[in-house]
Structures are given as C-alpha cells and as structure tokens.
Amino acid sequence: MKNDTPQELNPDQQIGRLIDQVMSSSLTDEQYRKKMQRRKEVQDKRIAEAVPEKGLIIVNTGNGKGKTTAALGMVLRSLGHGYKVAIIQFIKGSWEPSEKRVFSYWEDQIEFHAMGEGFTWETQDRDRDLDKASAAWEKSLEYIRNPDFQLVLLDEINIALKMAYLPVEDVLAGLAQKPANKHVILTGRGAPPALIERADLVTEMTLVKHPFRDQGVKAQPGIEY
C-alpha cells in the first residue's frame, strides 16, 4: 500500500501528520524546527486562501452540557466588538437566568426575549407549547431579517424542532432570509439532520459524566444558571 505524499493530503491531514511527527521524542531540535516551519506554511496558506467573512449558521447540539454556554461566549465576543445581538429563549423562559442580568449592562446592544414557559414536562400542555414556540419563532424572524443585528441566538430551538413544535422547513426558510453577514446560533439537543446539513458550523456536545445523572446533584448557580 502506497503512502500518501504531502501533495496528496488536504491541509487538515498535513497538519495532523506534522503533529504526530513532532510528538515523537526522537526528533532533533533542527527536525522539530523544520516540522513547525512546515506547519506554519500550511496554516498560512489556508488563511491566505480563506474567505474574508461570511454570516454563519451555527448549531450546538448533543446530549452533553455546554451548548448554551458556548453560544453565550459568542454573544459576549460580539458585544465586545460593539455588535447588536438578539437572544430568544424557546424553552427556558420560566427561569430568570443570571446571564440576562449580566447582559443588562449592554442594554443598548442586546435584546433578550425569554418566550418559553419552561421545559415541556413542566407545562404539560402541548397546545400551549405550540403557541409559545410559534410566537418565539415569529419574534426570531424579526431579528433574523433585521440587518442591524449581527448575531441572533435561538436558544433551545432544536428541542422545539425535535418535539415538532416548529416545522424544520419553516426554520430553514427563515434562515435563508438572513442578511449575508449575519450569524445565527441554534442550540439544543436533537438538532434535525436537515438543519445540520444546512449549517456552516456544527458542534456536538458529548455527555461523559454529569453530576445530576451520576451523583444526584441539583442545578447550581454559576454552573447551570
């Protein structure tokens, strides 16, 4: 079986091979320097060929913790750049999260709408859940279409899609209406395949251990809310 030459490998494969090689303790200092120099050349070439900017559709999904937390990190970055941001919560609306209080310091840049009434097992009313999800989506469309907002976070919308509270076709059609430079983040477990296919960036959080599941530890301030 022939070995792939560097020219036959894509940039990610080239960088992966270089990392494997530099982890070898048998390299001399000069060999290490040359490997790192080659890695820099590959990375610099990728950056030079990259598109300057593009509005992204970002999906954070999976059973692990951290989907909303990661999205809020992007919100914080956008606020730091002076961008306007909108957050629409589809499920966790019965909470008064600490994030909402913190983001009030940027009240001239951020719009925060908690439009759900809690998790579906709390409401126990499918018709009401459908109405709330529909209202949250209509509010989301206002910000998706609005060119003044650089980032829109649709928190837990994936759960609304999974529970069939919203048709995925409607959401995809709405995302197609966003301005070219706008970023939209959709969080929640169970993101449908059609949304994953449409997205530009998809991260799946994998659950390895969780204090509630494994130890019976309740949600704690500063960690879960």
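**Exercise 1. Get your bearings: how many helices and strands does the chain have, and what percentage of its residues count as buried?**

Keep in mind that you're looking at a predicted model. Start with the elements: there are 10 helices and 6 strands in the chain. Next, burial: 36% of the 225 residues count as buried. Last, contacts: take those between residues at least 6 apart in sequence, and 77% of them join residues at least 24 apart.

**Exercise 2. Find helix 6 and work out which of its residues are buried and where they sit around the axis.**

Step one, locate helix 6: it covers residues 126-145, 20 residues in total. From first C-alpha to last it reaches 28 Å, close to the 28 Å expected at 1.5 Å a residue.

Step two, pick out the buried residues, using the cut-off of under 20% relative accessible area. In helix 6 these are Asp129, Ala133, Ala136, Trp137, Ser140, Leu141, Tyr143 and Ile144.

Step three, look down the axis. The buried residues of helix 6 fall within an arc of 160 degrees, so they line one face of the helix.

**Exercise 3. Describe how helix 6 and helix 8 pack: what are the angle and the distance between their axes?**

First, the numbers: helix 6 and helix 8 (residues 168-175) pack at about 20 degrees, and their axes are 10 Å apart. Now put a word to the angle. Under 35 degrees counts as roughly parallel, and helix 6 and helix 8 are therefore roughly parallel to each other. As for handedness, helix 6 passes helix 8 in a right-handed crossing.

Then look at who touches whom. Helix 6 brings Trp137, Leu141 and Ile144, which meet Asp170, Val171, Gly174 and Leu175 of helix 8. Trp137, Leu141 and Ile144 are also among the buried residues of helix 6.

**Exercise 4. Glu156 has a positive phi; is Glu156 buried or exposed?**

Phi of Glu156 is near 70 degrees, and Glu156 isn't a glycine. Glu156 sits in the loop between strand 4 (151-155) and helix 7 (157-162). Its relative accessible area is 7%, so Glu156 is buried.

Ala164 lies in the loop between helix 7 and helix 8. With a relative accessible area of 47%, Ala164 is partly exposed.

Key: Residues are numbered from 1 along each chain as its sequence is written. This is a predicted model: local features need pLDDT of at least 70, side-chain atom pairs count only at pLDDT 80 or more; totals for chains, interfaces and linings use all residues. Side-chain values use heavy atoms; hydrogens and water are left out. Helices (H or I, at least four residues) and strands (E, at least two) are DSSP runs, numbered from the N terminus. The expected span of a helix is 1.5 Å times one less than its number of residues. Buried means under 20% relative accessible area, exposed over 50%, partly exposed in between (1.4 Å probe, protein chains only). The arc is that of the directions from the helix axis to the C-beta atoms. Axes are lines fitted to C-alpha atoms, for helices over the stretch in contact, and angles run from 0 to 180 degrees between N-to-C directions. Angles under 35 degrees count as roughly parallel, over 145 as roughly antiparallel, 65 to 115 as roughly perpendicular and the rest as oblique. A crossing is left-handed if the near helix is turned anticlockwise from the far one by less than a right angle, and right-handed if clockwise. Contact means heavy atoms within 4.5 Å.
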